[in-house]
Each structure stands twice: as structure tokens, then as C-alpha cells.
Amino acid sequence: MIAYKFLRPDGTSVFTAFRWPLPGAQPGPWVHAEVDPCRRGIHACRVEDLPYWAGRVLYAIELDGEIVAERTKVVAPRGRLLRRVEAWERELRDGYTRWCAGRAHELAEGLPRWDATIEPLARHGPALLGFMAARIAEERGGREAYRAERAGQAAWLAERL
């Protein structure tokens, strides 16, 4: 299965600080881990999961073995980074952040306590702005509105990746 993985610029995982062997002209070597979702294993994103984990550097990752599908991620016993998704860093990350800020402003119309926090927090990037837009949607329309906003974010990213 081909999925996505967000890492720090130095190739380390945000949550575990594991330093991934980075791909060059060829895919990186396989990394192995016992699967225990949220604790151990090779965690990655499907397209619909990207808004939940949006970070600095995006890689395409190949997963192998029995893949466990979770609500906002997949976990496998083996994975290797295939390539860095350069478009994410050049234009998409900032464009997505601004798009999420715009959605948040749109959804926050008439909710000044929300609207006032959007721009000051925009510098923190796409994960926070996407979450804010979804939370504002949830305040306006409940849990289903939250899920619909996240699905819209994933669709925006899927069109451009």
C-alpha cells in the first residue's frame, strides 16, 4: 500500500523522534516494527487522513504486511520512504494553510471569539488551522459538520497531490 508520512525536516518522526532512513534516487530501506497502533508500528496517512497530521515535510511511503486501518491512520509492520513530496513544501503547505484560514474565517462569521484567534495562530501551520476550521464547523453544526469539514480538507489536498 502506498500512503503518506509527515516528518520533521531532518527526517525524524514528530511523535517518536525516530530518524527515518531517507530515500535518494531509490526508495529508502525497509523499517520493521511490531504493530500496536498508537504505540508501535509504521504509522502513515491515507489521503483522507492528511488533514489530521499535516506537518512540515511529506513523504510517500510504501507499507507492507498486515495493515491495520484506524480512524485517522494506518499502521503496518514494514514501511519504507519512497520519495519526498516536494510540491507540499513549495506551494501546497502554505496554500493549504491559507485555505484553512479562509474556511475558518468563513465558518466563524458571527462568532468573534473564534474569528479573532485565526490569524494569530496561522503561523503555527496547517494542522492547527485545519483543526480550527473543523472545530468551528462542529460548533455550528455538530459532529457531522466536523467530519464534513475534515472530508473537504482531504478533498482539497487530494486534488493537488
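Trainee: Why is D10 called partly exposed?

Mentor: In this predicted model, D10 has a relative accessible area of 36%.

Trainee: What makes the pair R19 and D10 a salt bridge?

Mentor: The closest N and O atoms of R19 and D10 are 3.7 Å apart. The criterion asks for a side-chain nitrogen of Lys or Arg within 4 Å of a carboxyl oxygen of Asp or Glu, and 3.7 Å meets that cut-off, so the pair counts as a salt bridge.

Trainee: Is R19 buried or exposed, and how do you know?

Mentor: R19 has a relative accessible area of 52%. The cut-off for exposed is over 50%, so R19 is exposed.

Trainee: How do you know that E139 forms a salt bridge with R113?

Mentor: Their closest N and O atoms are 2.8 Å apart, and the limit is within 4 Å. The pair therefore qualifies as a salt bridge.

Trainee: Why is this pair said to tie parts of the chain together?

Mentor: E139 belongs to helix α4 (residues 126-141) and R113 to helix α3 (residues 112-122), so the pair ties together parts that are 26 residues apart in sequence.

Trainee: Which accessibility class does each of E139 and R113 fall into?

Mentor: E139, at 36% relative accessible area, is partly exposed. R113 has 58%, and over 50% is the condition for exposed, so R113 is exposed.

Trainee: What makes R147 and E144 a salt bridge, and how are they placed in helix α5?

Mentor: The closest N and O atoms of R147 and E144 are 3.4 Å apart, which is within the 4 Å cut-off. They are three residues apart in helix α5, which means a separation of about one helical turn. R147 is partly exposed at 43% relative accessibility, whereas E144 is exposed at 52%.

Trainee: How many salt bridges does the structure hold, and which residues are linked in a network?

Mentor: The structure holds 17 salt bridges. E34, D36, R39 and R40 are linked in a network of them.

Trainee: Why is W156 called buried?

Mentor: W156 lies in helix α5 (residues 143-160) and has a relative accessible area of 12%. Buried means under 20%, so W156 is buried.

Trainee: Which residues is W156 in contact with, leaving aside its neighbours within four places in sequence?

Mentor: W156 is in contact with L92, G95, Y96 and W99. Contact requires heavy atoms within 4.5 Å.

Methods
Residues are numbered from 1 along each chain as its sequence is written. This is a predicted model: local features need pLDDT of at least 70, side-chain atom pairs count only at pLDDT 80 or more; totals for chains, interfaces and linings use all residues. Side-chain values use heavy atoms; hydrogens and water are left out. Helices (H or I, at least four residues) and strands (E, at least two) are DSSP runs, numbered from the N terminus. Buried means under 20% relative accessible area, exposed over 50%, partly exposed in between (1.4 Å probe, protein chains only).
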